[in-house]
Amino acid sequence: MKKTLLTLLIMASFLSSKSEDILPTVSKVDLNKYAGQWYEIARLPNFFEKGLECITATYTLREDGKIAVLNKGHRSTDKSRVKEAKGKAWRPDPAIEGQLKVQFFWPFSGDYYIIHLDEDYQYVLLGSPSRKYLWILARENKLDQTIYSKLVDIAKLQGFEVEKIILVEHDCD
């Protein structure tokens, strides 16, 4: 029961954002190219990923047009223990391709904005309009420093507190 209540509180915190805060997104996203596994390179601190390393996000297109989401991370204190979160994502407005909603626990959903996307779908910058959540993901578990710096600069220009960014370790093999 405590675990369920904690999960609800965490998700409510994650999913609450101010819709009036404008955060520009990319204009085109091919979900077929976007699908697959991504490695979390960096993020702003949040409590649902606290103490996790080797974090991945896997997106799978569903027959109903939505996206299945599977987030996995290894506990830093015991890398053999994996924490998973399953959810779904969708475009609330099909005309705005860079804005998605993500839901891990009904009825709560949160904003998942694609701020910058590599033309070859090799890295992506994601965030929420509240500027509370930010992620840098890549297809490989390492990202070129020049690209990483470029994404951090974009995030800073959009008002994110980039000095708080956490780099994610990927040494769980």
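Which exposed residues does the face of α3 turned away from its buried side carry? They are Thr146 and Leu157, where exposed means over 50% relative accessible area and buried under 20% (1.4 Å probe, protein chains only). This is a predicted model, in which local features need pLDDT of at least 70 and side-chain atom pairs pLDDT 80 or more, while totals for chains, interfaces and linings use all residues. Residues are numbered from 1 along each chain as its sequence is written, and side-chain values use heavy atoms, without hydrogens and water.

**Helix α3**
- Tyr148, Leu151, Val152 and Ala155 of α3 are buried.
- These residues lie on the same side of α3 because they cover an arc of only 100 degrees around the axis, taken from the directions from the helix axis to the C-beta atoms.

**Largest cavity**
- The whole structure has 1 cavity of 30 Å³ or more; on a 1 Å grid over the protein atoms alone, a cavity is a set of points where a 1.4 Å probe fits but cannot get out, a pocket is an open set with protein on both sides within 12 Å along at least five of seven lines, and lining residues have an atom within 4 Å of a point.
- The largest cavity has a volume of about 40 Å³, and its lining includes Tyr34, Ile67 and Leu100.
- Strands β3 (67–75) and β5 (99–105) each give two or more residues to this lining.

**Second largest pocket**
- Tyr148 also lines the second largest pocket, and Ile41, Glu169 and His170 are among the other lining residues.

Note on methods
Helix = DSSP H or I, 4+ residues; strand = E, 2+ residues; numbered from the N terminus. Points joined across faces, edges and corners; volume = space filled by probe spheres on them.
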